Amino acid sequence: MKSTAIAHINIALVKYWGKRDFLLNLPAVGSISITLNDLFTKTSVDFNTDLSRDILYLNGQRAATAQENRVSNFLDLIRKTADIKHYAKIISNNNFLTGSGLASSASGYAALTIAAADAAGIDISPVKKSILARQGSGSAARSIFGGYVEMKLGNNPDGSDDYAIPIADENHWPLEVLIVITSNDEKAITSTDGMKISAQTAPYYNNWVKSSAGDISQMRDAITNKDFTKLGDLAEHSCLKMHALMLSSVPPLIYWNETTMKVINHIHEMRKKGTAVFFTIDAGPQIKLICEPGNAHKLKTEFENMSGVKKVILTSLGPAAGVIEE
Ligand code: PMV
């Protein structure tokens, strides 16, 4: 009853921020993401009759109790589906920085879902896996799939129609991404807490929710037609709209630092001079630059040389999550 899986991080081009149900973790808006190739979580799950509780090792260390309890609650869903009672030893490693806006919960819960389902011997469809992963973290539902992915906005109170589906695989349009790291600190406010604050206090919250469906359908078209300017404009708009919502929350959710802003300004300057490059930013200070196929390499050095930038990672679109042999 042991299995190991790998799942890759994803970044949203049309953002998810807000929940229609906090208990079942149902998003208040749909979203569209790209799965990335070089940043991933590898997780093994070993269900074992000798254990008296679930034990989680994260990046080489026993995890904090709160984290371990969250994972244990998630594994209860798998145990219920598989009709088993055993606890598990979980070993999870990210090949990148955890907890600073680089979507570790997305790849983390997607890898946990795939490994735990396989270890428990349950044979379920990718959509069912996406529904399970969503209950660990909303964005994890998208990391089940590779390439271009849409997270549906469901209607059902039980969340049975809240799952991700693939739009196109990673070979459809091999965009490249530069991840510009501007801080190594863990983020102060988690996305779940931030989403609660925004829903309760941000004056634009209802308009944010209402305007999302239009962004989703336009983004789907931009991906299908490989329209880079449209994709980039929409991605920046969705990102800035989300951060405007965060900034207008009480207390304000300010995830950027001065280098984040400097990189944004630089991208706008580059575009004026004819370079096609767009950005997106999640709940953290790192900036993800979206580049046309073959263009990221020459932009990398330019951002590496900017003061305040700690590191730049070049990556491409990545595959679906899956079990690996060890
Ligand atoms: O899945 P969560 O709860 O970590 O929320 C992700 C929220 C954003 O990364 C800010 C946006 C998104 O759509 O990924």
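Analyst: A polar contact is a pair of N or O atoms within 3.5 Å; inside a protein, one of the two must be able to donate a hydrogen and the other to accept it. The model is predicted.

Start with Ser 249. This residue sits in the loop that runs between helix H7 (228–247) and helix H8 (258–272). Ser 249 is buried, because its relative accessible area is 3% and the cut-off for buried is under 20%. Its side chain has two polar partners to look at. One is the backbone oxygen of Leu 245, which lies 2.8 Å from a polar atom of the Ser 249 side chain. The other is the side chain of Ser 198, joined to that of Ser 249 by a polar contact of 2.9 Å.

Polar atoms also meet the ligand. The ligand is surrounded by 14 residues, and Tyr 16, Ser 137, Ser 139, Arg 142 and Ser 191 are the closest. For Tyr 16, a polar backbone atom is 2.9 Å from an oxygen atom of the ligand. Ser 139 uses its side chain instead: an N or O atom there is 2.6 Å from a ligand oxygen. Arg 142 has a polar side-chain atom 2.7 Å from an oxygen atom of the ligand. On its own the ligand would expose 380 Å², and the protein buries 91% of that.

Next, the cysteines. A disulfide is a covalent bond between the sulfur atoms of two cysteines. The whole structure contains 0 disulfides. For Cys 239, the closest cysteine sulfur belongs to Cys 291 and is 15 Å away, so it is too far for a bond. Cys 239 counts as buried because its relative accessibility is 0%. Cys 291 also counts as buried, at 0% relative accessibility.

Last, helix H9, residues 296–304. Its buried residues include Ala 296, Leu 299 and Phe 303. Viewed down the axis of H9, the buried residues fall within an arc of 65 degrees, so they line one face of the helix. An α-helix has 3.6 residues a turn, so residues three or four places apart point the same way. On the face of H9 turned away from the buried side are the exposed residues His 297 and Lys 298.

Terms used. Residues are numbered from 1 along each chain as its sequence is written. This is a predicted model: local features need pLDDT of at least 70, side-chain atom pairs count only at pLDDT 80 or more; totals for chains, interfaces and linings use all residues. Side-chain values use heavy atoms; hydrogens and water are left out. A residue is near a molecule or strand if one of its heavy atoms lies within 4 Å of it. Accessible areas come from the Shrake-Rupley method with a 1.4 Å probe; for residues, only the protein chains shown count as cover. A disulfide is a pair of cysteine sulfur atoms within 2.5 Å. Buried means under 20% relative accessible area, exposed over 50%, partly exposed in between (1.4 Å probe, protein chains only). Helices (H or I, at least four residues) and strands (E, at least two) are DSSP runs, numbered from the N terminus. The arc is that of the directions from the helix axis to the C-beta atoms.
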